[in-house]
Amino acid sequence: MKLLWVLLLALALGSLLVGGAGLGLPRADILWQIRLPRTALAILIGGGLAVSGASLQGALRNPLADPGLLGIGGCAALGAVLAYYWGWSAAFAPALPVASLLAALAAAVALLLVAGRGGVLSLILAGVALSALSAAFIALALALAPNPYALAEITFWLLGSIADRSLAHLALAAPPILIGVAVLLTLGRGLDALSLGEDAAASLGQPVQRTVRLAALGCALAVGGGAAVAGGIGFVGLLVPHLLRPWFGERPSGLLAPSFPLGAALLLGADMLVRGLPLLLPLNGELPVGVVTAMLGAPALVVLARRVGR
Amino acid sequence: MIALPPTSWRQGESLLLDQVAFSAAPGHLVAVVGPNGAGKTSLLRALAGLHPGGRPRPAQVAYLPQGAQSAWGLSVRDLAALGRIPHNDRDPEAIAHALDACGITHLCDARIDRLSGGQVRRAMLARAFATRPDIFLLDEPTADLDPAAAHQIMSLLQRTAKSGRCVIVVLHALELATRYADRMVLMQHGRIAADDAPDIVMPFAAAAFGMRLGIDCAPRLLPPR
């Protein structure tokens, strides 16, 4: 646990030294206006995604659970795409993150209304339906995009990136992420009890409905806040709990807190890679960090899948 | 002491419990028997306070659902520690005692998903024991176990009842019920059809299962002289 925080601190210091202006300590305005918000966003978004993944896997008793599975990420993306599509974001810059965050919260409320008292399985089914629906509407918005520039912009946004974000973006994303993570961190005992099933958890005196609802709501805040400013960054929420289980055991409550530094370190590391690559290779601009997390995350999951099978 | 006032529990079209009232005193091992779908599990869940309007009593009543499994590969000790959730602690003495009572102290660091079916059952029982409840509600704790393991668990439950606790067990195996329980409750169509000493209820239970005693039941082997 301590080691994870040390790793994160080292990466954060390193992250302040890498960027488009080259290696080394940059000018004060670059440090404050560009690299600090970018580093802080990577930490908050990565940590938020990882804690969301750990608590959803615990709440749904499913190692495949991920904020994307419940359609929260998809709806956040849909909100942003609609803001592009109808030109709100051109008229008023913060419209895009606000629309995205509101869409994520609406998704959580819709999930809880549809799932009702039906428990975990109906929540998963409602989530799958919601993510299919948001994917369909995003495809529709892309197909009907008013002009090729809008199409390119939406596509790039969907890939997920934290390049060129300002302190204003940080101020917008930080409160929902921090509130969401704080809510999720309180759920440990309920998630532990849920590993025995809903009946046994209820007989242990744990409020099952409330735990699952708070998990969905906390995820909506933590993931929605991140998606609002960074687009769709995948795999962190799914991968981090799996990376931690061999070291911290499988008890859901034991995975919540260490998920934050590891998720943060993972996204920060991926983002430093994104920033460092153009210095090494003749690339035309930066890769979106969402592409890098997926490219690193997918093989890591394959390795884990082979180990679990044994 | 556990008591259920006359309770009906309807779920959709089906009536799970039809005006069932039940109570049991400490020191008894009560076997609940009956055909599939007769309402045995519903009775146990209602006793655990899991029916609509019910209130669980987590510190006094330990409930082990049918086919209980852990979603995660917890260690046996961590699993037993879940039984301390109602008390808000991880009392190592209660956990060690529970593991010892269930005979799995030597497995305490093993992962639950690497154990045999019988060992998993014992670990789940240890979770219930760790709560130190007055009342145990156990739904088929011997299902899929070989006869030796089933008898070991039943005699553990018998000792537990004799130590002043109330143990209520849903059983499919009638011969275990007659051998270990001191009271047998026969459920049929969501009602209690018979409730008395096992040898009195046994013919009714056999009839409910569609067996005729002496013909379809295996005859008991006489002990060697």
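In the predicted model, 21 residues of chain A are in contact with 24 residues of chain B. The two chains bury about 1900 Å² between them, and carbon and sulfur atoms contribute 61% of this area. On the chain A side, 33% of the area buried against chain B is supplied by A:Leu196, A:Leu204 and A:Glu250, a share that exceeds that of any other three residues.

The secondary structure of chain A consists of 14 helices, with zero strands. Followed along the sequence, the elements of chain A give the pattern α-α-α-α-α-α-α-α-α-α-α-α-α-α. The radius of gyration of chain A, 19 Å, is close to the 19 Å given by the globule rule for 310 residues, and chain A is therefore as compact as a globular protein of that length. The C-alpha trace of chain A extends over about 60 × 45 × 35 Å along its principal axes.

Within chain A, 53% of the 310 residues are buried.

The charged side chains of chain A comprise 16 positive and 10 negative groups. The centres of these two sets are 7 Å apart.

Conventions
Residues numbered from 1 in each chain as written. Chains lettered and ligands numbered in written order. Predicted model: local features only at pLDDT ≥ 70, side-chain atom pairs only at ≥ 80, totals over all residues. Heavy atoms only, no water. Helix = DSSP H or I, 4+ residues; strand = E, 2+ residues; numbered from the N terminus. Rg over C-alpha atoms; globule rule 2.2 N^0.38 Å. Buried < 20%, exposed > 50% of the residue type's maximum accessible area, 1.4 Å probe, protein only. Lys, Arg positive; Asp, Glu negative; His and termini not counted. Charge placed at Lys NZ, Arg CZ, Asp CG, Glu CD. Contact = heavy atoms within 4.5 Å. Buried area = accessible area lost by both parts, 1.4 Å probe.
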